[in-house]
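Dear colleague,

Here is the structure I said I would pass on. My notes on it follow below the display.

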Amino acid sequence: SGLASPGWGQSENKQKEKQAEEAVLPTVHCNEVLVRDGVAYLAQTSGLTMLGVADPARPRALGNLGVPAPLTGVAVEDGVAYLAAGAHGMYITDVSDPDAPRGLTRVDTPGRVRQVLVRNGLAYLADSREGLRVVNVSNPERPIHRSRHPTRDVARSIAIHGDVLALAEGSAGVRLVRLQRDGVPRETAIVSAPILEANWIA
């Protein structure tokens, strides 16, 4: 028998059903997806799209919000979405009603925001060659720049576990930094690991 098949471990009928289900999903290029409380938030080249996925077999189209820049990342906290938008910085959007998202404001940065992570009222931005940037978003309509932390190479991706922040720095590898009580990273790294290359960390 040959290697070609409708799908690994799926019958042809199952594959057709899968294709029919996927046909309702947006076809615009999607760079990141985040799921919170039955809603999928899609960071796309055309903007933010939300899908109801409480029943994964029947995703339901909710609201969408166009922005004038491709989105590369999304974070959600307390009904607010934070959108990484490259040279356009970070867009902040009210998504408390997923059917009717509403733009609040935009945070401009000197770099290109590749990813954003939000925790306890602070937004951590991977701002490319401008390093790691921390923004106070306790009032999402009035964000305040808190601190900036240079990196050895392009800041690409961020992850946080407990009080440790991990930062992917491209060809410079990974840096682990301890967060202080106020959430701001310490200046000195716990570990600076020059592995082959780190483009994404989770």
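Asp153 counts as buried, because its relative accessibility of 15% falls under the 20% limit for that class. This is a predicted model, and that applies to everything below. The side chain of Asp153 meets that of Arg129 in a salt bridge, with 3.5 Å from N to O. Asp153 sits in the loop between strand S12 (144-149) and strand S13 (157-161), while Arg129 sits in the loop between strand S10 (122-126) and S11, so the pair ties together parts that are 24 residues apart in sequence. Is Arg129 buried or exposed? Arg129 counts as exposed, because its relative accessibility is 63%, and the limit for that class is over 50%.

Other salt bridges

The count for the model comes to 10 salt bridges. One of them joins the side chains of Arg133 and Asp127 at 3.4 Å, N to O. Arg133 is buried, and Asp127 is buried as well. Another links the side chains of Arg175 and Glu169 at 3.3 Å, N to O. Arg175 and Glu169 are both buried. Through shared partners, salt bridges join Arg152, Glu169 and Arg175 into one network.

How many of the residues of S10 are buried? The count is 5 of the 5, so S10 is largely enclosed by the rest of the structure. Both of its faces are covered: Leu122, Tyr124 and Ala126 are buried on one side, and Ala123 and Leu125 are buried on the other.

S10 pairs with strand S9 (residues 115-119) in the antiparallel sense, over 5 bridges. Ala123 in S10 is the bridge partner of Val118. The hairpin of S9 and S10 has 2 residues between the strands, and Asn120 in this hairpin takes a positive phi near 50°.

S10 also pairs with S11 in the antiparallel sense, again over 5 bridges. Here the bridge partner of Leu125 is Arg133, in S11. S10 and S11 form a hairpin with 5 residues between them, and Ser128 in the turn has a positive phi of about 55°.

Leu132

Leu132 lies in strand S11, which covers residues 132-136. Leu132 is buried, because its relative accessible area is 3%, against a limit of under 20%. Not counting residues up to four places away in sequence, Leu132 touches Tyr124, Leu125, Ser147, Arg148, His149, Thr151, Ala155, Ile158, Leu165, Leu167 and Pro185. Two of these contacts, Tyr124 and Leu125, are among the buried residues of S10. His149, also in contact with Leu132, is 17 residues away from Leu132 in sequence, with 5.0 Å between the two C-alpha atoms.

The chain as a whole

The chain has 1 helix and 16 strands. Of its 202 residues, 46% are buried. Taking contacts between residues at least 6 apart in sequence, 39% join residues at least 24 apart. The accessible surface of the chain comes to about 11,000 Å², and carbon and sulfur atoms account for 50% of that surface.

Regards

Terms used: Residues numbered from 1 in each chain as written. Predicted model: local features only at pLDDT ≥ 70, side-chain atom pairs only at ≥ 80, totals over all residues. Heavy atoms only, no water. Helix = DSSP H or I, 4+ residues; strand = E, 2+ residues; numbered from the N terminus. Buried < 20%, exposed > 50% of the residue type's maximum accessible area, 1.4 Å probe, protein only. Contact = heavy atoms within 4.5 Å. Salt bridge = Lys/Arg side-chain N within 4 Å of Asp/Glu carboxyl O. Areas by Shrake-Rupley, 256 points an atom, 1.4 Å probe, with all protein chains shown as cover. Pairing = 2+ DSSP bridges.
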